[in-house]
2 protein chains.
Amino acid sequence: MPHAEPLHAIVPAGGAGTRLWPLSRRGAPKFLLDLTGSGRTLLQQTFDRLAPVASAGGIAVVTGSAHAPAVLEQLGNLGEENLFAEPSPRDSMAAIALAAAVARRRHGDVVVGSFAADHVITDQDAFEAAVREAVAVARAGYVVTIGIEADHPSTAFGYVRAGDPVEVDGAVADSARHVLGFTEKPDADTAAAYLATGQYRWNAGMFVVRADVLLDHLCAQRPELASGIAEIADAWDGPARDEVLARVWPTLEKVAIDHAIAEPVAAQGGVAVVPAAMGWDDVGDFENLAGLLQEDQSGVRVLGDGDVLATDAAGALVVPGTGRTVTLLGVPDVVVVDTPDALLVTTREHAQRVKNVVGSLGPSRDHLR
Amino acid sequence: MPHAEPLHAIVPAGGAGTRLWPLSRRGAPKFLLDLTGSGRTLLQQTFDRLAPVASAGGIAVVTGSAHAPAVLEQLGNLGEENLFAEPSPRDSMAAIALAAAVARRRHGDVVVGSFAADHVITDQDAFEAAVREAVAVARAGYVVTIGIEADHPSTAFGYVRAGDPVEVDGAVADSARHVLGFTEKPDADTAAAYLATGQYRWNAGMFVVRADVLLDHLCAQRPELASGIAEIADAWDGPARDEVLARVWPTLEKVAIDHAIAEPVAAQGGVAVVPAAMGWDDVGDFENLAGLLQEDQSGVRVLGDGDVLATDAAGALVVPGTGRTVTLLGVPDVVVVDTPDALLVTTREHAQRVKNVVGSLGPSRDHLR
């Protein structure tokens, strides 16, 4: 297999992260936060991670208009031409297709890849190796996803099922396999059964594909959406951008790339998966977040600086955000998120239900969203 | 039995209330706080409760010098002559004996009664009836305690064991009985056994006794302490008070009235108990405090005003002290105490252990005590 070419990376930076409330807010979504105590936000870590595999100036961010200034501030090297500000959220297909269509017009049939702005990956070498193989397989015409080797039967992630090895330019690829299908988040028994087969990987939502291949698939699967994207992309680098964007963007179908392209194209045999054994997490909720942090000597995980005094609270997660001393007594696995206007007390077991709390805030507490 | 005479009430206002940390602090002890959401502090409620049974100007408060200004501010009707400021804590015997000795010098052989500043009583009529009978029995020479009818086998309180009825002036008292003995806080099995006998009442630490009887007992049991108290009391209403207090007070034995008088005099047959069926609580910890508050529609008890949003948190106790929204999810019986500099998260089950947390604060967190 030839040495892989560089990538035009697309980073959709959206999503409210409501399961991380009150840490994550409408005005301060997950990707703008440092959730690992590293000193870098998830968006900055995503940029850092992609820089070695992307071409020079080849990282674009698609985000809501409200977050565009914060994105530019956090990513000093991004360049305004690589910021795509959405007037309103239209889900991942529109976001990725627009950035891909503009990249194609600027650079030709480059390989693009979409990488969420709010995931954590702890093995950079494995990530780079997987991306480089994915780019090579994408060059051959596949839609390529990176499938994470599952180390436990998670019910929080979707899965991708791998079949036979893929051939690229007449040779068997290093590790890429055909994708037989994608699954929704399974229940616990199903997840265990998936793991036992050895065929399933976690679907990390990373897609690598030639820009022309992506847009051709979009044209076949969602012609109206493809047409709208093409009209905006044609105008993007000219004087009519704002007018066309304002007129066309609100009409675009809201659909995820998984449903619009990955699933139907997989059914046609056009999707490949490159397995990757690397620490990966979508930091979806406080249970995930706890798993990313080191325990202190009392078995408590603390995000950031803060004074925490814990007794019999092993497994607890504390996010101290007000400078106060947080004292835990006899509350193992508790989750305490201390912010200036809202305090959350729950347990890791209930982490997935936090989004329901946000849903129940009601008009009188709208300022807390 | 003749109509009972009025009482000179003595209110020892001490104790750190460390099991109610971080609500109760060194500088803001339990008795200075409104712990029932009534708008009146425990000290104010104690004063209100005693006013109907005490003589005019017949309520005295004994407290540490540091709290004297706050006591005077909270009790506008107290009068400075009824405030006894201790230079240092010498436990309840010295506090009560000093106030009793001064009352005797001012008013003769009046009946005095000691009532803690930080208890809650919810049946005023029953309280007054018990005190009036106690005063009558005390007039006849007994040390009288008020014993609370136990409604559950508490392990948090000491017990008093009642024997045969007492005779006063040749007639059997309404309900007073000889005290056979006092017990420490029992274990659960012992407490249940106490309840089954019907002989045991909770020891609420209320003692009613003629001032001369109290001081005679003190003289017999603790002659050195009695002598020191007499020297201070002799000087109290004259120019030498400060000098004598500063010289003698630090030499006084630290001992509780229970050990110094109640137990040995009970062994001699000199203590009576007046049973009282009334809601009573020493508000010793957050479990007790929760029991004093009404549940809201989500089964949560909230002390004071505050925005609390709870899901699956029945039995929880929240003390909102910072104006933030406190959100609970899946944490039944949790205790959340939210103060500007310290946040405590524990459960009602661990309420008694909170004092250990205060003990472990260490020098770096001394400002939080």
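1. Within β15(B), Leu329(B) is the bridge partner of Thr311(B). Strands, like helices, are DSSP runs numbered from the N terminus (a strand is E with at least two residues, a helix H or I with at least four). Strand β13 (residues 308-311) of chain B and β15(B) run parallel and are joined by 4 bridges; two strands pair if DSSP finds at least two bridges between them.

2. The model is predicted: local features need pLDDT of at least 70 and side-chain atom pairs count only at pLDDT 80 or more, whereas totals for chains, interfaces and linings use all residues. Residues are numbered from 1 along each chain as its sequence is written, chains are lettered from A and ligands numbered from 1 in the order in which they are written, and side-chain values use heavy atoms, with hydrogens and water left out.

3. Is strand β15 (residues 325-329) of chain B mostly covered or mostly uncovered? The strand is mostly covered, as 5 of its 5 residues are buried (buried is under 20% relative accessible area, exposed over 50%, partly exposed in between, with a 1.4 Å probe and protein chains only). Thr325(B), Thr327(B) and Leu329(B) point one way, while Val326(B) and Leu328(B) point the other way.

4. β15(B) also pairs with a strand of the other chain: β17 (residues 342-347) of chain A runs parallel to β15(B), over 4 bridges. Here Ala342(A) is found opposite Thr325(B). The open sheet has 6 strands in the order β12(A)-β14(A)-β16(A)-β17(A)-β15(B)-β13(B), with mixed pairing. Its edge strands, β12 (301-302) of chain A and β13 of chain B, each pair on one side only.

5. The contact (heavy atoms within 4.5 Å) involves 35 residues from chain A and 35 residues from chain B. The two chains bury about 2700 Å² between them, 56% of it from carbon and sulfur atoms; buried area is the accessible area (1.4 Å probe) that two parts lose on being put together, summed over both. On the chain B side, Arg324(B), Leu329(B) and Leu343(B) lose the most area to chain A, together 26% of what that side buries.

6. Between chain B and chain A there are 6 salt bridges (a side-chain nitrogen of Lys or Arg within 4 Å of a carboxyl oxygen of Asp or Glu). Asp312(B) forms a salt bridge with Arg353(A), with the closest N and O atoms 2.7 Å apart. On the side of chain B that touches chain A, β17(B) gives the most, with 6 residues.
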